[in-house]
Amino acid sequence: MSRRALLTLPLVLAACSDRPSFDAEDIRRATLGAGLPAGFLLGTATSSHQIEGGLTNDWSAWEQGTYPDGRPHIHDGSVSGDAAGSWERFDVDVGLMRNLGANAYRFSLEWSRLQPARGEWDTAALARYREQARTLREQGITPLVTLHHFTLPPWVADAGGWENPATLDDFEAYVTRVAEELGADVDWWCTINEPNVLAVFGYLDGVWPPGKKDAKAMATALAHLIEAHARAARQLRARDTVDADGDGHATRVGLAHHVRVFQPATGSTADITAAGLTDAFFNESVPLALRTGRIRLSVPAQVSIDREVADLKGSSDYLGINYYARDYVRQDFSEASLSNQYVPGGRPVNDLGWDIYPEGLYLFLRRFRDLGIPLFVTENGMADAEGIRRADYLRSHVYAVEQAVKEGVDVRGYFHWSLMDNFEWAEGYTPRFGLFRVDFASPDKARAPTPAVEGFQDIARNLGLMPMPTP
Ligand code: GCO
């Protein structure tokens, strides 16, 4: 077992013994929002490929593809296409945010839109994104801008994507230009969304572009994504010198890290070890690199990366946590990862079968407080096509945030995934994550509130972001 996994094993053991259980009555009675700190950013999160429409990137070709057995890459056979039409409906979406009482919005810039070819810039698109950031600020909504949310321009992907070290230079040039053009209206930057998810799905499991199944390629891509974060942080801090919101900081840089609870299926050493190894790689590698400035990635008997990266230590002013669910882990030597993640029957799950476990968010916020930087929940939500369970999910996870805040964890914001239904990657349009439902068949991609909108408004009201209802 690697040194890191040994270090992490106590974490998993601790999680075994320290497994909180929230009381449903406490959650029901809580005046959620009142327990959040002043200046807390409460909003929603989206990404360009999933909502804008009309894009040509590395997913465009992937969505048309099939596996050797004929199954489509996108499970419901859809393609992102027009998505939620948000490129033309930004003002409509700002209206939804205002309806929620949100004071922040996390969205991503589409690199392929801004740089359709090497050296070619779409200055009109740049101006449009700058206008979006300005509009948000004028409406009292703080923009948190993601620079890379899974998708690549075709010319970058064709050159090897995140396996190719030259992509770091191309990404740095892209970030430099964006910082210069949008820096006057953006202080909060998220460099890379979920390096771990992209590396695993795209380069190990082969279910996202480029569709590789190669542990060495996965580790190489993950290392490059972490390094890309460091390079982006350096450029953002050098180029974005305008303190847009007057809080004394021109830039606050972080990344969004997808974390999942990996609970040993049994108390056996085999399952505890399997869970510890999975946790060490998936949950711990990225924060450890941010903390130490050193990238250490190893897949036993396949690949080991251990290198210091310039500007990585101290690169993050905050850590974004994308949290959704829990997996149970049992040892399984038939699997490349020597383990198998699953959810036992009878557990409350979302429409994708993800185990609903709000205590996991509380555990991760407590766990990462020792990074010594503020934390954001940069994504949290549930696939719920009926729309009737989302309000409870929202409440229980904001309750988790408030429990962590009560213990002194410096949580600065919560972004619900998502503002509206959108293209859920390989799952297509079937899963519905939106606080607002989208009628994708309607010409205007009509948005309609789900019951959870009221729950969000209550939290915004208790946080002082909306007027209390008149008696
Ligand atoms: C992710 C991404 C989002 C997803 C959301 C629901 O975590 O995969 O950040 O783009 O759509 O998390 O799966």
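1. Rings of Phe, Tyr and Trp (for Trp, its six-membered ring) are taken as a pair if their centres lie within 6.5 Å; a pair is stacked if the planes are under 30 degrees apart, edge-to-face if over 60, and tilted for the rest. By this rule the count comes to 30 aromatic pairs.

2. Basis of the note. The structure is a predicted model, in which local features need pLDDT of at least 70 and side-chain atom pairs count only at pLDDT 80 or more, while totals for chains, interfaces and linings use all residues. Residues are numbered from 1 along each chain as its sequence is written, and side-chain values use heavy atoms, with hydrogens and water left out.

3. A tilted pair. A pair of aromatic rings is described by the distance of the centres and the angle of the planes. For Tyr-323 and Phe-364 the centres are 6.0 Å apart and the planes stand at 50 degrees, so this pair is tilted. Tyr-323 belongs to strand 8 (residues 319-331) and Phe-364 to helix 13 (residues 358-367), so the pair ties together parts that are 41 residues apart in sequence. Helices (H or I, at least four residues) and strands (E, at least two) are DSSP runs, numbered from the N terminus. Tyr-323 is buried at 0% relative accessibility, and Phe-364 is buried at 3%. Buried means under 20% relative accessible area, exposed over 50%, and partly exposed in between, with a 1.4 Å probe and protein chains only.

4. An edge-to-face pair. The ring centres of Tyr-324 and Trp-354 are 5.5 Å apart and the planes are at 75 degrees, so the pair is edge-to-face. Tyr-324 lies in strand 8, whereas Trp-354 lies in the loop between strand 9 (339-342) and helix 13, so the pair ties together parts that are 30 residues apart in sequence. Tyr-324 is buried, with a relative accessible area of 6%.

5. A ring cluster and two charges over rings. Ring pairs link Trp-59, Phe-150, Phe-201, Trp-208 and Trp-425 into a cluster. A charge sits over a ring if NZ of Lys or CZ of Arg is within 6 Å of the ring centre and within 35 degrees of the ring normal. Arg-113 has its charged end over the ring of Trp-87, 3.7 Å from the centre. Arg-260 lies over the face of Trp-354, with 5.0 Å to the ring centre.

6. The ligand shell. Around the ligand there are 14 residues, of which the closest are Gln-50, Glu-194, Tyr-324, Glu-379 and Glu-424; a residue counts as near if one of its heavy atoms lies within 4 Å. The shell divides into six nonpolar, five polar and three charged residues. In this division Ala, Val, Leu, Ile, Met, Phe, Trp, Tyr, Cys and Pro count as nonpolar, Asp, Glu, Lys and Arg as charged, and the others, Gly among them, as polar.

7. Polar atoms at the ligand. A polar side-chain atom of Glu-424 lies 2.5 Å from an oxygen atom of the ligand. An N or O atom in the side chain of Trp-425 is 2.8 Å from a ligand oxygen atom, and a polar side-chain atom of His-258 is 3.5 Å from an oxygen atom of the ligand. Taken alone the ligand exposes 320 Å², and the protein buries 96% of that. These areas come from the Shrake-Rupley method with a 1.4 Å probe.

8. Asn-193 lies in strand 4 and is buried, with a relative accessible area of 0%. The side chain of Asn-193 makes a polar contact of 3.1 Å with the side chain of His-149; a polar contact is a pair of N or O atoms within 3.5 Å, and within protein one must be able to donate a hydrogen and the other to accept it, with residues adjacent in sequence counted only if both atoms are side-chain atoms. Glu-194 is in the loop between strand 4 (188-193) and helix 10. Glu-194 is not a glycine, but has a positive phi of about 55 degrees, and counts as buried at 4% relative accessibility.

9. Further backbone points. Asp-311, in the loop between strand 7 (303-308) and strand 8, also has a positive phi, near 65 degrees; Asp-311 is partly exposed at 37% relative accessibility. A cis peptide bond with omega of about 10 degrees joins Pro-209 and Pro-210. The peptide bond from Trp-417 to Ser-418 is cis as well, with omega near 15 degrees.
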